[in-house]
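This report describes a protein chain with its ligand.

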Amino acid sequence: MKIFLDSANIQEIREINELGFLSGVTTNPSLVAQEKGDFHQMVEEICGIVDGPVNAEPLGISYEDMIREGEILAGIHPNVVVKIPICEDGLRAIGFLKKQGIQTNATLVFSANQALLAARAGARYISPFVGRIDDIGNDGINVLAEIISVLDQYALDTEIIAASIRHTMHVTEAARIGSHIATIPYKVIKAMVKHPLTDLGIAKFVKDGEKYLSKS
Ligand code: G3P
């Protein structure tokens, strides 16, 4: 499973990118709204940091706005992937942008049927929102598994991105059931690195190393 960072924060993106496992970045209007500065410049800067897909979402929601803004976003850098919410206008926009050679990520996906339609319309990526399904009392990982098993049966050029990841177990489960990608918030990636036994082990090695050095 590839690891994307779900963030529009330049510092976070730089820091996580330096760790060497990052394959891409996803942003959305809510993440962009938490940052200062011009949206398009932000996308350009992220593309300069990360060598992989950088997902950016049009702010307008009509078909016309999505294709107009989608073309502008895609013109910023060849790695830009345009995020399009799954709805009738969104499906049309996915098809139109594909014909222009622009990759899309169908976002706000909550069911296997939505995923199937988005894949057939030509979405390069599909983002089931695992955490938001949990929020309303359903099992987000189950829905993700259903989407993976449906799309796996056909030779579609579509990768599934487990999105709306809230904690480390979401990541483990997404990897276990074969999600192609998980897009993970900064704080969850930080938590994935940590294990109390690693901390204890490092402390003991440091202590024993010092003991050895003091004898020599
Ligand atoms: O990638 C989509 C993600 O940013 C949504 O996460 O936590 O707002 O449901 P959340």
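## Ligand contacts

The side chain of Ser164 places an N or O atom 2.7 Å from an oxygen atom of the ligand. A polar contact here is a pair of N or O atoms within 3.5 Å; within protein, one atom must be able to donate a hydrogen and the other to accept it, and residues adjacent in sequence count only if both atoms are side-chain atoms. Asp6 has a side-chain N or O atom 2.5 Å from a ligand oxygen, and for Arg132 a polar side-chain atom is 2.6 Å from an oxygen atom of the ligand. On its own the ligand has 310 Å² of accessible area, of which the protein covers 81%. Accessible areas come from the Shrake-Rupley method with a 1.4 Å probe, and for residues only the protein chains shown count as cover.

The model is predicted: local features need pLDDT of at least 70, side-chain atom pairs count only at pLDDT 80 or more, and totals for chains, interfaces and linings use all residues. Residues are numbered from 1 along each chain as its sequence is written, and side-chain values use heavy atoms, with hydrogens and water left out.

## Ligand shell and pocket

Asp6, Asn28, Phe129, Arg132, Ala163, Ser164, Arg166 and Thr183 are the residues around the ligand, where a residue is near a molecule or strand if one of its heavy atoms lies within 4 Å of it. Sorted by class, this shell holds three charged, three polar and two nonpolar residues. In this scheme Ala, Val, Leu, Ile, Met, Phe, Trp, Tyr, Cys and Pro are nonpolar, Asp, Glu, Lys and Arg are charged, and the others, Gly among them, are polar.

The largest pocket is where the ligand sits. Pockets are found on a 1 Å grid over the protein atoms alone: a pocket is an open set of points with protein on both sides within 12 Å along at least five of seven lines, whereas a cavity is a set of points where a 1.4 Å probe fits but cannot get out; lining residues have an atom within 4 Å of a point. A molecule sits in a cavity or pocket if more than half of its atoms lie within 2 Å of its grid points.

## Shell residues in loops

Ser164 belongs to the loop between strand E7 (159-162) and helix H9 (168-176). Helices (H or I, at least four residues) and strands (E, at least two) are DSSP runs, numbered from the N terminus. Although Ser164 is not a glycine, its phi is positive, at about 55°. Ser164 counts as buried because its relative accessibility is 11%; buried means under 20% relative accessible area, exposed over 50%, and partly exposed in between (1.4 Å probe, protein chains only).

Phe129 is in the loop between strand E6 (125-128) and helix H7 (130-135), and its 7% relative accessibility makes it buried.

## Other residues

Asn9 lies in the loop between strand E1 (2-6) and helix H1 (10-17). Its side chain reaches the backbone nitrogen of Gln11 at 3.1 Å, and Asn9 is buried at 18% relative accessible area. Leu108, in strand E5 (residues 104-109), has a positive phi near 60° in a residue other than glycine. Leu108 is partly exposed, at 31% relative accessible area.

Met66 is part of helix H4 (residues 63-76) and is buried, with 0% relative accessible area. Met66 and Arg92 are 26 residues apart along the chain, and their C-alpha atoms are separated by 9.7 Å. Pro29, in helix H2 (residues 29-33), is partly exposed at 32% relative accessible area.

## The chain as a whole

The protein chain has 11 helices and eight strands. Its C-alpha trace spans about 75 × 40 × 30 Å along the principal axes. Of the 216 residues in the protein chain, 46% are buried.
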